[in-house]
Amino acid sequence: MLRVFSKKILGLCGKSRSQRSLCTSFEKDNETYEEDSIFLNNEIYMNDKRVMNSSELENFIIQTQGSGIGHKIYLHSTKGNGKVYINLWGEENVFKIGKDNVINNDLFVSYWLCSPNIFPRKVLVEIGNHNIFNGEQIKIICPIQENGYIKIGNSNLFGGYITFRGRNDHLIYDIKTRKRLNIDSNIVLKDNIWVCDSVVFLPKCLIEGNAIIAERSLVNKEFNEKNVLIAGLPASIKKRGVMWNKNLDESYKKSKNPIN
């Protein structure tokens with residue numbers, strides 16, 4: 001309400017220097033109040049220390065919409081030139097990112113609402129440690145159902161144009177039974193997974209560790225086997241008994257971690 005009110009006041013400002021100065025001052029005060037309210041109404045931690053100012057957030061940019069209260073954000077310093085944009089609707093949602101993650105291009109995390117009365121509440125997005133986000137336009141769109149989650153484990157490698165779509169924007173139902181068909185569910189990626197370009201993850205996904213997901217795959221179910229190559233639209237297991245490594249030299253023969 002304050003943001004809308006300020007725009008109305010600014011619209012009434014005349015052209016005199018004193019009026020323009022007054023409007024500019026009002027706008028700056030309003031922006032300061034809105035930023036302060038993000039930190040007062042939510043718990044935001046950077047490297048295990050609670051912060052109260054955006055200047056302490058390093059490569060993270062946080063924006064709240066709606067009531068914007070009760071969120072808990074746990075951040076750790078990242079490497080790379082990319083930023084992490086966190087857009088929060090709803091209430092009491094949680095975002096966590098662990099240590100030693102590399103963000104080479106911007107990463108977008110969205111807790112979007114579906115309608116004025118349907119918004120994320122107590123939803124978790126969690127990213128583990130030692131992941132590399134290499135490509136452009138990686139988007140994490142959180143579930144809408146209460147207590148839903150998207151979890152990404154450790155030591156994973158991501159290409160570009162990857163989407164984690166943890167929610168259904170619209171409802172599909174059986175016309176005879178009137179039963180809903182597209183029930184929201186969670187997305188889980190465990191450890192040591194190479195995700196190539198343009199992969200889409202839909203609700204109900206589970207990827208066990210040590211997997212490769214080929215370019216342009218649409219992943220919409222659980223894969224409970226390790227050391228598999230997954231590909232296709234929709235995705236299926238194409239090969240078993242495989243592993244990957246970030247480097248193209250002989251170092252993979254001695255490496256215990258694929259991204260070291």
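This is a predicted model: local features need pLDDT of at least 70, side-chain atom pairs count only at pLDDT 80 or more; totals for chains, interfaces and linings use all residues.
View 1. The chain contains 2 helices and 23 strands. Among contacts with a separation of 6 or more, 45% join residues 24 or more positions apart.

**View 2. The stacked pair Tyr45 and Tyr74.** The count of aromatic pairs comes to 6. One of them is formed by Tyr45 and Tyr74, which are stacked with 5.2 Å centre to centre and 5° between the planes. Tyr45 belongs to strand β1 (residues 43–46) and Tyr74 to strand β4 (residues 72–75), so the pair links parts of the chain that are distant, 29 residues apart. Tyr74 counts as partly exposed because its relative accessible area is 29%, a value between the limits of 20% and 50%. The charged end of Lys96 sits over the ring of Tyr74, 5.7 Å from the ring centre.

**View 3. The stacked pair Phe133 and Phe158.** These two rings are stacked, with 4.7 Å centre to centre and 5° between the planes. Phe133 lies in strand β10 (residues 132–133) and Phe158 in strand β13 (residues 157–158), 25 residues apart in the chain. Both Phe133 and Phe158 are buried. Ring pairs join Phe133 and Phe158 with Phe164 and Phe201 in a cluster.

**View 4. Lys151 over Tyr149.** Lys151 lies over the face of Tyr149, at 4.7 Å from the ring centre.

Notes
Residues are numbered from 1 along each chain as its sequence is written. Side-chain values use heavy atoms; hydrogens and water are left out. Helices (H or I, at least four residues) and strands (E, at least two) are DSSP runs, numbered from the N terminus. Contact means heavy atoms within 4.5 Å. Rings of Phe, Tyr and Trp (its six-membered ring) pair if their centres lie within 6.5 Å; planes under 30 degrees apart count as stacked, over 60 as edge-to-face and the rest as tilted. Buried means under 20% relative accessible area, exposed over 50%, partly exposed in between (1.4 Å probe, protein chains only). A charge sits over a ring if NZ of Lys or CZ of Arg is within 6 Å of the ring centre and within 35 degrees of the ring normal.
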